[in-house]
Amino acid sequence: MEQVFAPLPPVPDHPRLEEEILQWWEDEQVFQQLRDLNRGGPKWSFIDGPVTANKTLGVHTAWGRTLKDVFQRYKALRGFDQRYQNGFDCQGLWIEVGVERQLGLNSKHEIEEYGLEKFAAKCREVVARSAAELTRGCKRLGQWMDWGNDYFTFSDTNIEYIWRFLKVVDEKGWLFLGHRSTEWCPRCGTSLSQHELTQAGVYQERSDPSLFVRFPLLDRDREYLVVWTTTPWTLPANVAAAVDPEAQYGRRENGEWVAVARYPDETFDEVLRGERLVGWRYRGPYDHLPAAEGIEHRVVAWDEVSLEEGTGIVHIAPGAGQEDFDLGRREGLPVLTPVDEAGRFYEDYGWLHGTSTGDAADQIAGDLRERALLVEAGLYEHRYPHCWRCDTPLIWRVADDWFIGVDEVRQPLLDANATVEWTPPHYGKRMDDWLRNMDDWNISRRRFYGLPLPFYPCSCGQLNVIGSKAELEERAVEGIEQLEELHRPWIDRVLICCESCGESVKRVTEVGDVWLDAGIVPFSTLGWQNPEWIEGGYATGASRELSHADLPDHAYWEEWFPADWVSEMREQIRLWFYSLMFMSVALTGRAPYRQVLTFEKLLDAEGREMHGSWGNLIEAEEAFERMGADVMRWLYCQQPTTQNIRFGFAPAEEVKRRLLTLWNSVKFLVDYGNIGGFRPRLDDLEGGPDAELQPLDRWLVARTSQLVADATRAYESFLTVEVVRSFEEFVGDLSNWYIRRSRRRFWDGDEVALRTLWYALVQGVRVISPVMPFLAEHLWRKLVPDGADSVFLAGWPEERKHDEDLLREIGETRRIVRLGHIARQSAGLKVRQPLRRLVVEGARLSDEHAAEIRDELRVKEVELGPVEATELRVRPNLPVLGPKLGKELGAVRTALEAREFEELDGGRFRVGEHELGPDEVLVERTGKEGWAVASSDGVTVALDTNLDAELELEALVLDLIHQINSLRKEQGLELTDRIRITLPAAQKDLLQHEDWIKQETLAVEIDTDGGSAEPQIAKA
C-alpha cells in the first residue's frame, strides 16, 4: 500500500531540519512567492529599528529580531502587503570605538595622526563585514526581510534627510549653541545627551574617594567650613560653598562648621541658621594655582543642599557639574574649567597639568593632608554614570554644544504620544514622563565618523544651515570636487558662501548624535517630499555597493507612513522611540507609529547579565547549533515581554521536551495513517471534516476553532506568551485527551478519527508557524501533500464559531477526571488498578461523559449525587471575607467551626443570614475509611478504595499488557506486527482474560512456560 506520509524519526534534529528548510525556502523562493501573493493587499507598515553593524548576531539581539519576524509572518498570513526593510546603524562611537581598539588607537589625537580618510575607510569595512554577519545570523534565525535592500544610516541620503530636519528646526528657532556643563566622556572626548544616560549599564556600582575638606574662613580666625566630595578632581575648580538657608549650622570646638542635622550627637560652641553664613568669604583649597587667581570664594544659599549625607555644606565648582553650573549662573559665580577634552588638567593648574581626573584623586588627597586641610578620607560606594560606548567613568565639563530646544515641542509630543497604543500600556506613561521632564537635546559630538552637522557659522553672526547636498553644491566655493561622501574629512574641506555677507565659511567640526541617524528613517527610507522614485537612490555615499535600496517618492511615503507597528527594548523609549517621535512631530506634527511593543533584558539561565568575561555569554551561532532556531524562538516567545528572559541550554532542553508532544502526535497520525492507507482531504481545512462525527471528534473540531480564535486574539494584541500558552494547552488536550481516548479507533483505521486528528494538527501547525517557522514548515510538508507548497502560502485558518457548550462539558469532565486522579494518588492507588465506584457531587454529566470518566479512572460505575463518604471542614478565607463582614467575621468563623452551616450548590455556604461564595471560604474534605476524596470549586469526587479478587486480577492483567507493549517497543517491532507471548506459569491465572490481552498486544497466541521468570514475546 502506498504511503501518503513520509515517516518521522522518533525525535526531531532541529538544527539539521532547519538547515534543510532554509535551503528549500531559498531554492523555491518561498519568501518572494509570499510577497507576490500579498502584493496589492491591505498594507501593514513596519519600520525596523536599525541594529548596530559592529558585531555578529547575539542571542540578546535575536530576541527582538524574533518578535519582529513573528508578527510580520502573522500579518503576511493574513494577506497584508509589507515592506520588510531591514536597517543597519553604521556610524557614531559604537563603530569608532571598535575600530580604535582594532587599530590600537587610544585617543582622538592618535586618530588624527592615523588619518581621517583611512579611519573612515576602516569604519566602513567594519560596517560591511558586520552587516554581512548579522544578515547571515538573522537568516539562520528564520527572519524574513528584504535582504540586499537594507537601509544603512551612513548613506548620503539618510544624512541629507537629517540635514533637512535640522534646517527645519533652525527655521523654527529651536536650534542654538549652548554653553553648559554637560556629561563628558574623557576617553571619547565628547559630550553625551540626556537620553544616552538612560541606557542599561550606564549607571554602575563603583567605589570613589570620599574626602572631607576644610575651607579656612577669611574673616573668622581659625574657623573653617567643612565640605565633602567624591570627585576630588573638582576641588581645584571650587569657587563657592553652598548651605541650606533654613538649616542650623554649628561650630565645633576646633572651629569647623557643619550642619547640625548631620551630627545630632555632637555639641557645638555656636549655632547659626544657614542664611547667616551666606556671604562669608573663605580661602579656596587651590588659590595658589594660576587658574584660581583673583577668584573670591564665598558662601551662597541653595535650597537643594542635602542633609542626608556629607556635612550639609556643598562644594560648588560650576565648571565641573550641571547643578553647580546652574547655581553659578543664578549667583553670578565665575566658572573654572579645569580639564581638557581628554579629562586632563590644563597648564594653569600647575603641578596637576596633564594629570587625568582619575589619577589626580590620590595626589590631591595627599596634597590636602600635607597642608592640614584634609579632615577625613575614605571610599564611597555609589552608582555612577559610565560611557555607554567605551565604559569610561564620565565627568562634567563646560563646553559649547549644539542643542535643539524642546519647550515649544513638548506639548505636541505629548499629544502625539496620546495617539499611540503601547504594549504593555504602562510604557506609554513612561514615555509621557520622559517627554514632560526632558531637557534640551544635545545633538553634537566632538568625534569623526558620524553625521556631519551642516552648520556653517560666519564671523558676521549668521548661522548658515545647509539642508541638502544640492544646496551644498550650489553654495560651495571650495572643495566640492573632492567630496566622496558626506563624512569627514571630505566634508570638512568644503567651504560655502555665507548667505548674509558673502564670505567663505567653514563647517563646524562636530558630528551629530547617532539617534538623529535612526530617528529619521521613516522619512529617508520612505521618500518623504521626494518628487520622483529613484532606483538605488537610498544606497548612496558610504552605502554604495552595500545595498540596492531605492529612494521612493512622496506618494509612497503617504501610503506607508506612519508605521502601524514598531518594536524594540524598553530602554529605547528614551532613545529610538523618542527620536522617532521628536523628528516626526517636528516635521509633520504627528506620531510616526501607531502601535509599539517593548520587551525587557535577556539574562543567563541563573538570572545574571551575559558577559564574555564571566564565561556565560552565548553566541547565536552556538545556540543555533546546540538548540536550533525554533527552540530559541520558543524561549523568546513564551516569555512575557514585561519580564527579563532567562536564556540558556537547560531551559532549551525543557522546550525540546515540550515540543515532543506535538512531534509525537504528528508521528502518531503519520504511522497510523500510513497503516490505514489514509489520504487527507484538503477541503477539511475549510470547516472541519464533513463526516458523521462522534462527540469526541466534535469536541476536537471545536477545540481547534477555539485555538484559532485565542491565537488570533493573542497575535493581534502582540502577546506571543498567550500564543504559546494557548498552543501548548491545545496540544496537551489533543494528545492527552483526544488521541488517548481514541486509540482503539486509530487501531481500527477509523477514517473519521484520522480526518479529525489531521484537521486539528494541520490547523495547529498553521497557527504556530509564525513562532516556530522551521518545524511548522517541516510538518506542513509532511502532512499536506496536496495543498500549498508552504505553510506560509496557505493563509491564516478561518476563525469559525465553536460549540462553547461542548467545550464546557468536556472541561467539566476532565476536571472530574483530574480530581479522581488526585483522590487515587492520596490513597496510593495506581491508575492500572480498577475500582468499583466513583461518586460525583456538584457536577452535571450526561451518560456519555460518565462513560468517559469510567474509562479514564478505571471505575466500574459512576454515580451522581451527594458524597456521604466525607468529613467536611469549612474555614473563612480571611483576606476576602474579612473586609466584607467586618465585626461579624468572628461570629461566622465560630459557626463554621461548629459546623452550623448549610451547604448550597456551586460551592456556596449559608451561615445565618450570610451567603458565602466559593472564593470566600476554604473547604477541606477528607474521606472516611475505605474512600478517597478530592474537591475543587464546588465539585467533590469520592472513590471507593475497597478491592476484591476480581479487581486485583484485572490490575495484574493491565500490568502485563503494559509490560508486553514495552517489550514490543524495546524490540523495535512495527505497530502492525503480530506476536506470540510466553508467560511464566505463575501468571497462568491471567489467561482468564486471554482475549483481552491478545487484543491489546496484537498477540495471536499465548502459552505458559514454567521455566520462564518473565513474559517473553516473539514476532509471529
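Is E609 buried, partly exposed or exposed? E609 is partly exposed, with a relative accessible area of 37%. Here, buried means under 20% relative accessible area, exposed means over 50%, and partly exposed lies in between (1.4 Å probe, protein chains only).

This is a predicted model, where local features need pLDDT of at least 70 and side-chain atom pairs count only at pLDDT 80 or more, while totals for chains, interfaces and linings use all residues. Residues are numbered from 1 along each chain as its sequence is written, and side-chain values use heavy atoms, with hydrogens and water left out.

**Salt bridges overall**
- The structure holds 88 salt bridges. A salt bridge is a side-chain nitrogen of Lys or Arg within 4 Å of a carboxyl oxygen of Asp or Glu.

**E609 and K601**
- E609 forms a salt bridge with K601. Their closest N and O atoms are 3.3 Å apart.
- K601 is partly exposed, at 26% relative accessible area.

**D367 and R371**
- A salt bridge joins the side chains of D367 and R371, at 2.8 Å from N to O.
- D367 is buried, with a relative accessible area of 15%. R371 is partly exposed, at 32%.

**K998 and E994**
- The side chains of K998 and E994 form a salt bridge of 3.2 Å, N to O.
- Both residues sit in helix α32 (residues 994-1001), four residues apart, so about one helical turn separates them. Helices are DSSP runs (H or I, at least four residues), numbered from the N terminus.
- K998 is partly exposed at 23% relative accessibility. E994 is partly exposed at 26%.

**A network**
- R220, E223, R251, D269 and E270 form one network, joined by salt bridges that share partners.

Conventions: Helices (H or I, at least four residues) and strands (E, at least two) are DSSP runs, numbered from the N terminus.
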